Amino acid sequence: MLKKLFTYQNRLKKSHTITYKRYLYSEINFDDKMLCVFGARGVGKTTLLFQYLKELEEDSKKALYISMDYPFLSGVDLIEIVEEFVEDGGEYLLLDEIHRYNDFSSYLKTIYDLYEIKVIFTGSSATSILNAKSDLSRRVTLYNLNGFSFREYLEIKHKTTYEATTVEQIVKNHTDMSKSILTNNGNILKDFKAYLKTGYYPFYFDKQTSYYQNLLNTINLTIDIDLTSLGLIEQKYTYKLKKLLEVVCESKPFEVNYTKIAAAAEISRAKLYDYIEFLNDGQMLILVDEYVKGIKKINKPAKIYLNNTNLLFAYCENSELGTVRETFFANQVAVKNRLNIAKQGDFLVDTKYLFEVGSKGKTFKQIKGIQNSFVVADDIEIGSANKIPLWMFGMLY
């Protein structure tokens, strides 16, 4: 079996030659004994594994890559493979799509406890929830890989480098930062509009002509395979999750009416909250809570968005510009910052900065007189004072 796995590994290496490393790569502590990279399908988890595999082999380390959806692994005991690998001098085990292996949590705990090898595995984002409820959570370090930021998209498209920034740096110095970026890219708004439609998932650069079809296939696989293999939903009910995505797509974020959504998606209100959480786990949705002081518990999110703007354009025939703008802001900012819905304005970031998102003609009327409040405006290259270009918030990771 070990020989067969190494043969597959060598074949796959020939088709995984991407050298560009995502933002997360430098943040991972590869010295940990066991770590997990989770995220939506298509964001580059497998590519990250093969990049790490290449580094290990260059350092003369013995590493083995296994995709847990290999058909010939059905009924094979993972522990037996690990035992053989360790006896052969194996040091690093790279397991892809771990959620496809039955009772993976128990096997990973056993590997951690019995063998002196390092393990890095990937899976759907729902994997993190399951791990948090088991003893595995004490053994594994979790990393969430998101899709391309606007910054990464620019780097890939133009073969250049842009330094990631922070919300604090943007609000303090966005004018000079914008000017600096524009000296290297005079078509920033054109690139931004393209990114909103097709720039979030890395596979765009390989499959441009069939991007939306591949994106819809990715969504279906997430629901039909990933969420069902994790036991979150029965196969016969997956169509309801797809229906729910369509309903959310057609709804305005500021008009979240759970009774109407449940009725339109043909789901009971009791099941609706579970299904929303499942889609959030699969990184199909973004849930944003209202900011509440103290220990008051929030039972449901104040706003629901599709996870990213590419999903909006793939799923919705007519996406409202306001929804597109808010979705982009929420998707990019929530990766590194705390994001809440505010009573005035659209978003409160890190409980400190208040942002109102809109068109280039957006005024300060709704946030007038509020400290640390800013208008985030679309269709402008450079802002001034407390008016910031929307695209700047794509430079955060």
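Which residue does a disulfide join to Cys 249? In this predicted model, a search of the whole structure finds one disulfide. The bond joins Cys 249 to Cys 316, with an S to S distance of 1.3 Å. The torsion about the S-S bond of Cys 249 and Cys 316 is about -110°, and the disulfide is therefore left-handed. Distant parts of the chain are linked by this pair, the two cysteines being 67 residues apart. Cys 249 belongs to helix α10 (residues 238-250), whereas Cys 316 is placed in the loop between α13 (309-315) and α14 (321-333).

The solvent accessibility of the cysteines was also examined. Cys 249 has a relative accessible area of 8% and is therefore classed as buried, the cut-off for this class being under 20%. Cys 316, at a relative accessible area of 11%, is likewise buried. Both partners of the disulfide are thus assigned to the buried class. For Cys 36, the relative accessible area is 0%, and this residue is buried.

A further buried position is found at Glu 155. This residue lies in helix α6, which spans residues 150-158. Its relative accessibility is 8%, so Glu 155 counts as buried. When neighbours within four places in sequence are left aside, Glu 155 is in contact with Tyr 20, Thr 160, Thr 161 and Tyr 162.

How values were computed:
Residues numbered from 1 in each chain as written. Predicted model: local features only at pLDDT ≥ 70, side-chain atom pairs only at ≥ 80, totals over all residues. Heavy atoms only, no water. Helix = DSSP H or I, 4+ residues; strand = E, 2+ residues; numbered from the N terminus. Buried < 20%, exposed > 50% of the residue type's maximum accessible area, 1.4 Å probe, protein only. Contact = heavy atoms within 4.5 Å. Disulfide = S-S within 2.5 Å.
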